[in-house]
Structure formats: C-alpha cells, structure tokens
Amino acid sequence: MTIATPNSFRTGPDERGHFGIFGGRFVAETLMPLILDLEAAYEAAKRDPAYRAQLDDLNTHYTGRPSPLYFAERLTAQLGGAKIYFKRDELNHTGSHKINNCLGQILLAMRMGKTRIIAETGAGQHGVAVATVAARFGLPAVVYMGATDVERQKPNVFRMRLLGAELRPVTAGNGTLKDAMNEALRDWVTNVNDTYYLIGTAAGPHPYPAMVRDFQSVIGIEAREQMLTREGRLPDALVACVGGGSNAIGLFHPFLDDKDVKIYGVEAGGHGLEGIEHAASLTGGRPGVLHGNRTYLLQDDDGQIIEGHSISAGLDYPGVGPEHSWLHETGRVTYVPVTDKEALDAFQLLTRAEGIIPALEPAHALAHVAKLAPTMGKDEIILMNLCGRGDKDVFTVAKHLGMDI
Amino acid sequence: MSTRIDQRFGDLRKEGRPGLVTFISAGDPDYDTSLAILRAMPGAGADIIELGMPFSDPMAEGPPIQRASERALRGGQTMVKTLAMVREFRKGDTTTPLVLMGYYNPIYIYGNERFIADALAAGADGLIVVDLPPEADEELCLPAIKAGLNFIRLATPTTDDKRLPAVLANISGFVYYVSITGITGTASPDTGRVANAVKRIKGHTRLPVAVGFGVKTAEQARTIGLDADGVVVGSALVNAIAASLDPRGGASSSTVSAVTELTQELARGVREARRAVNPA
C-alpha cells in the first residue's frame, strides 16, 4: 500500500506521537503520566544547550565519535559494481551504535531525578551499553534479557555483569526480546517513582521512537557530511539492518528528503518468509498494537504475537519501530528480507575481504549490499551502516559453520 | 442507556453492599471447563464477571494471569471462541453483567466494528482494554459506547487530579481503580490509601468505583468493600484454577469447585462489608 507522499519525510511524529497511523501511546494508565513526564523532560532537554554540550562531549571523548567513514576497496572490487562505504559505528565504545542512545537517555534520566535504570536487551548490545553508561554515572541498572538469549549471548551476559548491572533472565513466553520488554514494562509499572526505562530501540510508546531516533541520527548527520567531504556528493543508496530499527532510522533520517538517495532497510528473513521462522515484520507481518505503539507485527490471525526467529538475537523482535512502518507504507524506504544463510555468507565475506568481523545484525545489511552493488555502476555509491562488531557472535557463527571452539 | 452493569450497581446500592467482581481468562484451562466455571460463578456469589480475552503479551499482568492466558491459548482459545463462550453463558443467565477484558491487539485484528457488533450480539455488557488510554478514545471507546457497550477504564495511583477528568471522560459502567502501582496479583493494597483514593475519584464522578489488583482473601474483600462499590478478584481465582489442575496441566474433577468455593468465600467477605457499618 502506498499513501500520499508528504512534502517532507522528516517532520514526524505529530504531537501525539503518530507517524501516519503508526506510533502513538498504547500503554496502561499507570504508565501514561510517566511517559507524559518523559516527553516534557525530553522537550526541555532538547532546548537546553548545556544538555546538548554534555552529550556532544561524551560522544566525542567517551564513545569516540565521529565514527569513520570507510571505503571498502577490496570488497568493492570483489563485488564489481558500486563503491561501498561503511559508516563504522562498530568502532564505538561498547562495539555498537547502542551507546549513542544510552548516553542521551541516561543524561535525561538524571535530569529527571531518576535513580534506577531498567532496560531490555536481545543480543545484549543494548544491555552492555546500558550497563556501561550506568557504571559511568554510578546508577544501579537492571537489565531484562530472555533466558534463551542469555544462553546464546554469553559473552555479553558476562560483560554486563562485569559492569555491575543486575541481569534478570526472563523465562516467560519464549524467553527472547519481546518477553524481556514485557518484563521491563512490568518493572516500570511497579517502580514508577524512581525508575527510568531506557528503551534500546526506536519503538515503544511516544516519545521513545522519536527520542531514540534523534540520538541515533548522529550516525546519518556525520555520514552525510563525511560523504560530501570525501566524494563531493551524496550516496546513491543507503543500506542498514532493521530489527527494532534504531541504527537504520539513525542513518536514514537525515537523508529522507534527499529524493535521489535510495534507501534499503534489511530485515531478518530467518529460514525464509514462506514459513514463520523469520523476524521480517514489515515484509512478512501486518499492522497491530504492541509495546505501546501501532506498527507492523508478526502475529497470527487471532492477533497473538508470534516470536520472531533470526540467527541474530538483535533482530528477532516481532515488531519494528513505527517510523519504519510509515516509511514502508509511504514507499520512501524499501524493506527487504535476508536469510540466516545469506547473513552468514556475508559475515564471512566481510571478514576475509576487509579484515572486519561484523556483528550478525549488519551482516544482514551486507548481504543486501552484496546483491545490490553488482547491479549498480562503478561510479555509484552505497553507504552501509556497520552498526556492530562481531566479537559477541563468534560462538554462534562457529556453531553454524560446524566448528568447535 | 441503562445496561446490565448500571442495573446491577443499582440493585447493590439498594442491598447496601459492594459487589464482587470476578475475573477468569476465557478458555483457561480449556473451553468447556472455562464455560462451566463462568456459568457457576453467579450462583457462587459473583455479581459481575470480567472475562479475560487471552493475549500472548499481557504487559500489565503478573505471573498468575500471564499463565492463565498462556494456558488458554495453548488450549486453542481464540477471540471467536471467547465470544461464543459469552453467547453460551448468556443463554442461561440474562442478568449477570459480563465485561470483556484484555489488550487491544486481538480486538484490532478481529476488527473494531465487527468486534463491537459481535460482543453486543453475544451478550457482553462492557469492555476494559488495558492499553487504550483516553488519548486513544476514538479508536474503540467512543464507537463502543455509541453502540451500547459500557467502556470501563482503569484509574491508578499515578492518575493525579489533573489527569483524572480525562480518564473519567467518556467512560460508563464503573471505574476500575487499580489499588497498587504494579502488575496484577502481586502486592496487597494498603486499605487506608484505597479509601482515600476512592473518595478522590468519587469527587470527580458519580460512577461506581470498583477496586482491584492484589485482592486475594475474603477479609481483604470485606475491608476494601467498606469503601468501594465493587471488589475485583482475578489472580487469586486463576491461581485456584492452576492449583486444581492435574499433573499434565489439564482440568481435574475439582477445577470448577476450586473456583466456586473461593468465590463463595469472597462473596461472604463483600456481604459482610456494609453490614458492619450499616446494620440493617
């Protein structure tokens, strides 16, 4: 479905948190006053130069921003088409883009006088980033993580514990990201006075999708400038992986009104879209309401949410940020699925071609780049967000390659 | 428009006692047992019934109702079957109000208009949709009221006086006061605070106020019933179902009676509530 093209794709959400019909605030009454407070606090912080300056300083000296824009010369030659650039957010402190959002939100939490941080995590990248900023600012953090994910992401589990966070495995449901998010919401409802819920992706009730996007937009803002400096022009295509979609919206948003830039969001196709073993909410789901927002969801005919599946724990969320749902329906962004197998191949391709071990999440984006680049001219440019590094995934990859480490 | 809920609270006022509002998840642990429980509850002393529409992700529920919802879904419960259960119940009981309670997504996927029409036709009287705040009234609340259903909303300890009018606008039937900040079936309410909260809400509305979340015993039902027009019990009842199941998780010969016995006990609690202060 395509709806009327707006004058700008960068003005959303409206004051009630809607991107077209998507987004909104579908939460229990106990949480409504809290998210209204949060919205007011965020609006005030955005206008405060001192807040902005503190965040910029941390981005520079703690995270290591700006992250480099890297021309992948050998990969470009191997694929034989468009020039491929990576925005290297995997070089950030903590190893992924998640820190961009966590710093912004923990500064906000402290402005609001909150003394306890809770979060959900899937692959553990967000959990590690939360544990990191909580340690940096001396706040206690409780991280909810599905019991299944705790098992398959042991390195990150250990890192969170080293950093001093309390990790609470969630056994409800299938014990993955959506169940962790349910449990974090239940904690928040129970501890409304002192607790700040630090959501890791551009989803949830308004203002989270807009706020997380704003913090992640540093990726796209930097990349746009770097590309103009390096090539004197904008790229022809952007590619990023989409689970909840925070790294993708961060890269895409500053380019949404650049009409000549084609934009691709890559979803986790798991074992393929013909079955239910995937996590492609946009290309394999339909609109519904979960975790505070209306968005595309994996669900059955009765409106029961289906667990997503992906080789990548960071992508197997059955929903997606509401702004992506809107960009999908307006046709501004093209969303495509990539299977586990294709992502594994891309993981190995990048490792050997460039000496970079990517996380399995951006390996999905790379699999699409590998399909796209050969169809484009050598004078064209693809910019991909390399949003996380693959250290956490070496055990998973070894298992799938039949190796014992 | 007077509904069964309005009539029931009117009758309770005449009797001078609070009502007992009981909750079960439709289809827990299976359709037939759940229907038998539903049919037996009014006779055991339930004045109003809340029938949960199971959802895979019940974000405001504690473990008891989460598990009840899971049991029902595992038993094959769907929205179509939940509405069929209401229809079956209504054949044998034309007076006990029945409120459908749940989360928005299964309704949204069923189709809002179709849901309202089918719920009314089946004999449901009201709706509680946990994740539809007043900000989303045009979605379901206003069309449901227009069609003749009561729309009941939760007010909570975080709903301050500034927000209370918005929460109370557009609703009918009764106000469901959530007595704790938390999920269902966990902490017990502080009865002193509950009394103040009920008084506060009544300063803003003429609707009856029912109080729930954390009420487990007849004694708690009695104490809360001193101030509230209704006492809601859910987790304790679904825990009774859970405790009665056979080792494989199926209904046993004592499942229905486990619920009716607890309902009888709770009903005694609410019936003692006003007698203590207003001896007839």
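1. Helix H2 (residues 31-44) of chain B packs against helix H4 (residues 79-92) of chain B at an angle of about 40°, and their axes lie 10 Å apart. Please keep in mind that this is a predicted model. H2(B) and H4(B) are therefore oblique to each other, since angles under 35 degrees would count as roughly parallel and those from 65 to 115 as roughly perpendicular. The crossing of H2(B) past H4(B) is right-handed.

2. Which residues bring these two helices into contact? On the H2(B) side they are Tyr31(B), Ser34(B), Leu35(B), Leu38(B), Arg39(B) and Pro42(B). Sorted by class, the contact of H2(B) with H4(B) has 7 nonpolar residues, 1 polar residue and 3 charged residues.

3. Next, have a look at where the two chains meet. Here 38 residues of chain B are in contact with 37 residues of chain A. About 2,800 Å² is buried between chain B and chain A, and carbon and sulfur atoms give 52% of that area. Within chain B, the residues that lose the most area to chain A are Asp57(B), Met59(B) and Ile109(B), which together make up 21% of what that side buries.

4. Charged pairs also link the chains. There are 4 salt bridges between chain B and chain A. A salt bridge also joins Glu29(A) and Arg163(B), with 2.8 Å between the closest N and O atoms.

5. Now for some backbone details worth a visit. Most residues other than glycine have a negative phi, and most peptide bonds are trans. In chain A, the bond joining His206(A) and Pro207(A) is a cis peptide bond, with omega about 15°. You will find Pro207(A) in the loop between strand S8 (195-197) and helix H9 (208-216) of chain A.

6. Chain B has a cis peptide bond to show you too: the bond from Asp28(B) to Pro29(B), where omega is near -5°.

7. Where in chain B is Asn170(B) found? Look in the loop between helix H8 (164-168) and strand S7 (175-178) of chain B. Asn170(B) is not a glycine, yet its phi is positive, at about 70°.

Definitions and conventions:
Residues numbered from 1 in each chain as written. Chains lettered and ligands numbered in written order. Predicted model: local features only at pLDDT ≥ 70, side-chain atom pairs only at ≥ 80, totals over all residues. Heavy atoms only, no water. Axes fitted to C-alpha atoms, helices over the stretch in contact; angles between N-to-C directions. Helix = DSSP H or I, 4+ residues; strand = E, 2+ residues; numbered from the N terminus. Parallel < 35°, antiparallel > 145°, perpendicular 65-115°, else oblique. Left-handed = near helix turned anticlockwise from the far one by under 90°. Contact = heavy atoms within 4.5 Å. Nonpolar A, V, L, I, M, F, W, Y, C, P; charged D, E, K, R; others polar. Buried area = accessible area lost by both parts, 1.4 Å probe. Salt bridge = Lys/Arg side-chain N within 4 Å of Asp/Glu carboxyl O.
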